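Work through each task before reading its solution.

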Amino acid sequence: MNLERVSKAFGVRPLLTDVSLGVGVGERIGIVGRNGDGKSTLLRVMTGEEAPDEGRVSRQRGLLIGYLRQSDEFADHHTVREVVLGGRSDHEWAADARLREIVEVLLAGVELDRAVAGLSGGERRRCSLARLLLDQHDLIVLDEPTNHLDVEAVAWLARHLAARPSALIVVTHDRWFLDEVCQRTWEVHDGVVDAYEGGYAAFVLAKAERQRQAAASEVRRQNLVRKELAWLRRGAPARTSKPKFRIDAANALIEDVPAPRDRLELQRFATQRLGKDVVDMEDVDLRRGERMLLDHATWRLGPGDRVGIVGVNGAGKTTVLSLLSGELAPDHGRVRHGRTVALQHLGQHVEVVDPESRVLPTIESIRRVTKTADGDISATSMLERFGFTGDKLTARLGDLSGGERRRFQLLRLLLTEPNVLLLDEPTNDLDIETLNVLEDFMDGWPGTLVVVSHDRYFLERVTDSTWALLGDGQIAMLPRGVEEYLERREAALASEAAAAAAAAAAPTGSTGTAAAKARAGSAEERAARKTLARLDKVLARLAEQEAGLSEQLAAHATDPDRLAELGRELAALHEEKEHAELEWLEAAEQLE
């Protein structure tokens, strides 16, 4: 596909001006830019949904395009089965490992015969994504695909897309996803599209280098980009194989840039404001319907703690924030706040405000100057940092877009100078540039922070520890962060699958047992222990082979023949692994 000198305007405002771009076979391209700068418009022009005002869009004859829009057009009276699976019978998709995985991951917990009308926004989004991925396309175009997906589903989607041979164009604010999937990055701004090699990290480096060579115009934007680059080199992402860019150039750009935040100084400042006691959750039980979300759970937040909470959708993350804020009472136990706590809670839904009010007067009525560890900041400066400049300063609140309302809501909350901040999916509707500003502000914010987010990059950027709701009624600390969470979830799902297979294979009836119990000290017990030791080594070897095959799938994403061969090897490996896990369970039952 090629765009040749394409221009497109919205009213009198030009969104694309004389843009020329091309997409090659198998290329994976990420698109970034501020909200309203034309990212979605570019997608619609490329897919043919909108015609350019000027220029030409050429596509390969017979090109099959799959397009995930930000909203679906499902008929409410249809069922999930009808809108996602179409005319496929159950045995058809269930017999194909690739299709079965898509359905099982994206439609987990969604009944196939359920009416679309009763689905939540997140469930409808998953249905749209599943329907697109079940078909084969030459080009996949995704507009914010990670919205409403939890961390686990985002990680799965990244692996899935990297293994597909299709070309990919994706608009997303999820920077971890961009780095994991994309080979090139396009930045849409001021009517033009700048192209960069590599994912998000490489884009940050190249942009900082271009700005350095341009002799330092827009000083503040340069400093933010360099600070972001310092995080990429020193923070969690630098411990992985990404970012893959020139180390010498990166070090030259950040040699005088300090660490993103001074943790000890912020904790000292937070202790002065909060004292030693912040929020204590003691022996708390909480049930929702038939589900026990918390079971005698105890958790304590201290001054200056920066905590991220992860878990599958429905695990109770939002409920925990409501408990901490005092909006929800536990069934048993108590939640105690320190005497000096000034807490603010940012929910997922945009708060309704007077639509006739104006931006600047509303902010100044809250506080004209706010204090941070870096000094005082005026309300006008805060508005400018969060993208409210020019006419936006006097705009009616009712005229703001969804993303602008989210930014305004967050800014109102920060200006109240809370010392405990609870954020529930704060990255929703925010573009990457606004996220950079928010992260920069949080670097100097002294207080206790609890964040629930599916945005893995944001979590690693602003928090110092990660905790998880794993379904056992407790809040567990994860020393290795999100990576450890994904490993634990994968192990739990594998264990559940093995247990289900063992239960299905076990004989039924009152006289049958799955495996005879071995007497202590008997030959059967010794044999069972040897079997377990042997199978532990076998499962470890299979896990290493599985990881190696997954890497090869990603490396040969553009080679259909090699992909098919690797797919067969992976299927055989999974079958061997299932047999080994079943044998392990049988041996373990003998020792119980």
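Two residues are in contact when they have heavy atoms within 4.5 Å of each other. Keep in mind that this is a predicted model.

**Exercise 1. Get an overview of the protein chain.**

Step 1: Start with the secondary structure, which comes to 20 helices and 20 strands.
Step 2: Turn to burial: 50% of the 592 residues count as buried.
Step 3: Look at the contacts with a separation of 6 or more; residues 24 or more positions apart account for 69% of them.

**Exercise 2. Is aspartate 143 buried or exposed, and which residues is aspartate 143 in contact with, leaving aside neighbours within four places in sequence?**

Step 1: Find aspartate 143 in strand 6, residues 139-143.
Step 2: Its relative accessibility is 3%. Buried means under 20%, so aspartate 143 counts as buried.
Step 3: With those neighbours left aside, its contacts are Ser40, Leu43, Leu68, Arg69, Gln70, Arg125 and Val171.
Step 4: Take a closer look at serine 40: its side chain makes a polar contact of 2.8 Å with the side chain of aspartate 143.
Step 5: Now take valine 171, which is 28 residues from aspartate 143 in sequence, with 4.9 Å between their C-alpha atoms.

**Exercise 3. Describe how helix 5 and helix 6 pack.**

Step 1: Locate helix 5 at residues 121-134 and helix 6 at residues 151-163.
Step 2: Their axes are 13 Å apart, at an angle of about 15 degrees.
Step 3: Angles under 35 degrees count as roughly parallel, so helix 5 and helix 6 are roughly parallel to each other.
Step 4: The crossing of helix 5 past helix 6 is left-handed.
Step 5: At the meeting point, helix 5 brings Arg126, Leu129 and Leu133, while helix 6 brings residues including Trp156 and His160.

How values were computed. Residues numbered from 1 in each chain as written. Predicted model: local features only at pLDDT ≥ 70, side-chain atom pairs only at ≥ 80, totals over all residues. Heavy atoms only, no water. Helix = DSSP H or I, 4+ residues; strand = E, 2+ residues; numbered from the N terminus. Buried < 20%, exposed > 50% of the residue type's maximum accessible area, 1.4 Å probe, protein only. Polar contact = N/O pair within 3.5 Å; in protein donor to acceptor, adjacent residues only side chain to side chain. Axes fitted to C-alpha atoms, helices over the stretch in contact; angles between N-to-C directions. Parallel < 35°, antiparallel > 145°, perpendicular 65-115°, else oblique. Left-handed = near helix turned anticlockwise from the far one by under 90°.
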